[in-house]
Amino acid sequence: MAYPEKYKYTREHEWIEVAGNQGKIGITDYAQNSLGDIVFVDVPKVSDKVTKDAVFGSVESVKAVSDLYSPVGGTVTEVNETLKDSPEKINSDAHGAWIIKVELSDPSELSSLLSAADYEKFIAEETGN
Amino acid sequence: MMATTDRFTGTTRKVTAHLTQNEGLSFEKSSPGKKGYKLAPLDVPAVDAAALLGEAVRKDEPTLPELSEIEIIRHFTRLSTWNYAIDLGMYPLGSCTMKYNPRVNEFVSRLEGIAEAHPYQPESLSQGALGIIKLLQDCLMEITGMDAITLQPAAGAHGEFTGIMLVRAYHQSKGNPRKHVIIPDSAHGTNPATAATCGYQVVNLKSNAQGGVDVAALAQMVNEDTAAMMLTNPSTIGVFENEIHKIADVLHDKGALLYMDGANMNALVGKTRPGDFGADVMHLNLHKTFSTPHGGGGPGSGPVACKKTLEPFLPSPVLKQGSNGLLYWDYNRPQSVGRVRMLYGNFGMFVRALAYILANGPDGLRQTTEDAVLNANYIRRKLEDVYDLPYSTPSMHEVVFSDKRQTRNGVKTGDIAKRLIDYGFHPYTTSFPLIVPGALMIEPTESESREELDLFIDAMRQIAREVEENPELVTSAPHSTRVSRLDETTAARKPVLRWQAAGASEAVEIDSAAKEW
Amino acid sequence: MRYLPKSDTERIEMLREIGATSIDDLFSVIPDEYRLERDLDIPRQMGESEVVEYFKAAAARNANGYASFLGAGAYRHYRPVIIDSLVQRGEFLTSYTPYQAEITQGTLQAIFEFQTMICELTGMDIANASMYDGSTGAAEAVMMAIRVTGRDDVLVARTVHPEYREVMHTYAQHQGHDAREVGYGPDGRIDLAALEQAVTEETACVLVQSPNFFGIIEDIPAIAEIAHKKNALLIVSIAEAVSLGIVRPPVEADIVSMEAQSFGVALSYGGPYCGVLAAKEKYLRQMPGRLVGETKDTQGRRGFVLTLSTREQHIRREKATSNICTNQALVALMTTIFLTVYGKQGMRELAEQNLAKAKYAANALGKQGRVLFAGTPRFHEFVLQTEEPAGQLNARLLEKKIIGGLPLEKWYPELGNATLWCATELTTKEQIDAAAAVIAGAPVAVSTR
């Protein structure tokens, strides 16, 4: 699976795609693959605040729960409602199925995130390959 | 058994397929007007419920089945035949201690003066019940080496909750409840859940290379904010913490307490006592060590035993004996943590546990422990050449293998477990403890004869060979059951948690607005 | 020892195969100083006949052959014989929690039927596979409401069973939550005006019991309106499940916590009983305890599994909804069989008999004292106030082999010489008349209202 070059990544396996002041956040293909079939996505409400590196929700498979960490701080502007009924979209298209959109409060936070190449190197180390 | 290929397929010596009956839900079998009951005629004037209750009268008719007695008997008997049970064979679930449930326990718990005793009947008319509680308490204190006990908690996890509240009350009485509880990463999930429920932060302690407590790391971690450490001994990999007293000393030096999870007490009874090796408070699972039935997931009973220093904080009421010899409940407990359950606990389970202790005596209990440890070591010896043993430390009552060798062929512990079903055994515990990736956790208990153990070992060895030569057979198991590999994903995505009269069951809509956990 | 399936020769052979010379080798990891080198100081091993004799002697020292008017959260109803014959089948009795769905479909389907019946009876959308009992169930319901609302003020009616309240306070106090009590009015129901005053924007939930501890049916719609106005949840606790045969279910509640002991579970000096949590479907993810769901297998056959287990301690560990692990599966099975036996018509008929017996008893005993809160609808319990002290009255009844009502002084001193009486379908007219006669023969003058 290719990791889109235009996304930035966290060591907690989230990605963010930024356009202007808006960011779309999802989880990586690596993350969905290690979780297995996703059955539920727990998300914040529109206008909730999120903080960089803090938990904003969780994804659940049948036998595991994984917290979602926000790559940036900001305010939630939209929640992907289709995931409520079809959480499996994350399994089929992790890099397309965004979870929340946020308005960034401090775009400089992006600089600490990983590039696609760095992230791929990071997961290679994590899996010991 | 499947013979789709000519590759190796094991021979199931323990079982032969036989027919089971199909059976729908009771609601689907119901038809209006049938009855399975007959009340005695009313010997007082009948009443007009609507007039008496007014707005509070029930107007709708709940959908309950309407069936005759023979249909009800068949319904539940048919369902029962779909279950595996200890009465059918070995149940090697690690950490669950699935031992024989003696039938005399069931018999005595149903004696009229016991089963029909009302919890609020006068103490003068409850001396038999109180005597049973007293004797069981005395036996359990002697077995654990503790000074005081409460039988009130309804299950093991409830006992943990009570035990950690005792810890909290103890520290509180010294002016500061303290902040965190240390829990090894090998612990059962109830331990951290309990500590959090009691308002403590959980500090995880990484196990050492032998799967035990790293005493040096622990010493670094313990400070004046440490309320307690929750320790399972023997640990969840079946290993006795031989540095247990150092662990207790490290904690006690900083004023912290040692909580012992008694889940694995079946390895210790009559051989060593937690109270002697430094534990301050512990719970017991009567449904594990003391043979009360699991019943498909309860009822349990989780007595908590403790040292004298914690006695003032025990849940109210506490059983006392008056100078006249009569037993009574003492409710005057100013320092008590309060009640954790109404009344006195799962008394019916006390009766069964005491019957078990009396039928065993000191010699029987010791022999029980020895046989449990003997059986686990026998299995270990007979399987260690085909399954990977991640920790070579001596095993007590259970042995933990890993699926490391089998994963090379794409077969995981869960697959081997499912394949065991085809061989006529309940699976062992899979994927626990978490410190062993792909764990196979096997606890035979003392209740297995050598013949049954040999059948199990034979099954496990045949499966290991199937993994090498015919792995798809294992990954698609079980092949002999009424249903196979149920779709848990859909069950969780679109939950159907009740039958609906319309026929088609509807999935529940989940509102994610209710979110904090 | 007769439960141990090994001969000494087999033990020696097995040790040899392990490579141990004696059993002590296997225990050598236990440091010497902690090894118990003596026999445990407990009674010697008994023959089965001795075990039975011990318990028969104990049973004989409990109340036998008494007529009893006790209720108060533990009710004497007839238990159809087939309950015990079915639950003693080894396949139910000696099976484990149904994690391995392929070989536990029996337990799973029975729990699914249980969940359905509880929903039907309580008017809720979802029900779990059972909790420890009614008291811990109510406490868990309160904790659930705190999680759902994110608030931590809890209001509980004084008409809730006093021991339920004690348990709730124990659960709440150690988590730093505040639990305030709301008193009752002259009608024996929660004081609605006081409740209205007490509910704030910080209130997580209002916990009431109906029928309440005095046997009185609370005005659930009115209470719900007050709670919901401030977006607090309403939890209704039901200690007497048989009432649901005739009493309107608390459909306005957000969570219903019930003790199902009345459905065919022995009194057994206080347990094991059977708690249940039921709720509106939107609270599903905050529900503690096990849940069984319907699904299909690889070949499309219907089957049942434990589901939504990510809420539970073995996965979520310190973030779980509760540390609860076991349910009361076998006891829940008893209640499922009970409800199948009585069915749709039987539940109503049974509840009506209870209502009739209690009405007769309240009339008969009320002539010798005063039935409190007499004008308010109630199910099968009532509070009797007498001039004679409760202890003295009950002592006189005991002489006639009658166990009278439960003295309330400990919990409700303001009610004076008050006792809580219960009549069920098993209470006979003869027993009621006998109790009334004893009370009438009071040594001290008793006012006749």
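**Close-up 1. Pro272(C) in its loop in the predicted model.** In this predicted model, Pro272(C) sits in the loop of chain C that runs between β7 (255-259) and β8 (275-279). The peptide bond that joins Gly271(C) to Pro272(C) is cis, with omega about 5°.

**Close-up 2. Ser291(B), a residue other than glycine with positive phi.** The phi angle of Ser291(B) is near 70°, and the residue belongs to the loop between β6 (281-283) and β7 (304-306) of chain B. Ser291(B) has 25 other C-beta atoms within 10 Å and therefore counts as buried, the cut-off for which is 20 or more.

**Close-up 3. Ser47(A), a residue other than glycine with positive phi.** Ser47(A) has a phi near 80° and is placed in the loop between β4 and β5 (49-50) of chain A. Because 9 other C-beta atoms lie within 10 Å of Ser47(A), this serine is classed as exposed, a class that requires 12 or fewer.

**Close-up 4. The contact between chain A and chain B.** Eight residues of chain A are in contact with six residues of chain B. Strand β4 (residues 38-42) of chain A contributes three residues, the largest share of the side of chain A that touches chain B. By class, that side of chain A is made up of five nonpolar and three charged residues, with no polar ones.

How values were computed:
Residues numbered from 1 in each chain as written. Chains lettered and ligands numbered in written order. Predicted model: local features only at pLDDT ≥ 70, side-chain atom pairs only at ≥ 80, totals over all residues. Contact = placed C-beta atoms within 7 Å. Helix = DSSP H or I, 4+ residues; strand = E, 2+ residues; numbered from the N terminus. Nonpolar A, V, L, I, M, F, W, Y, C, P; charged D, E, K, R; others polar.
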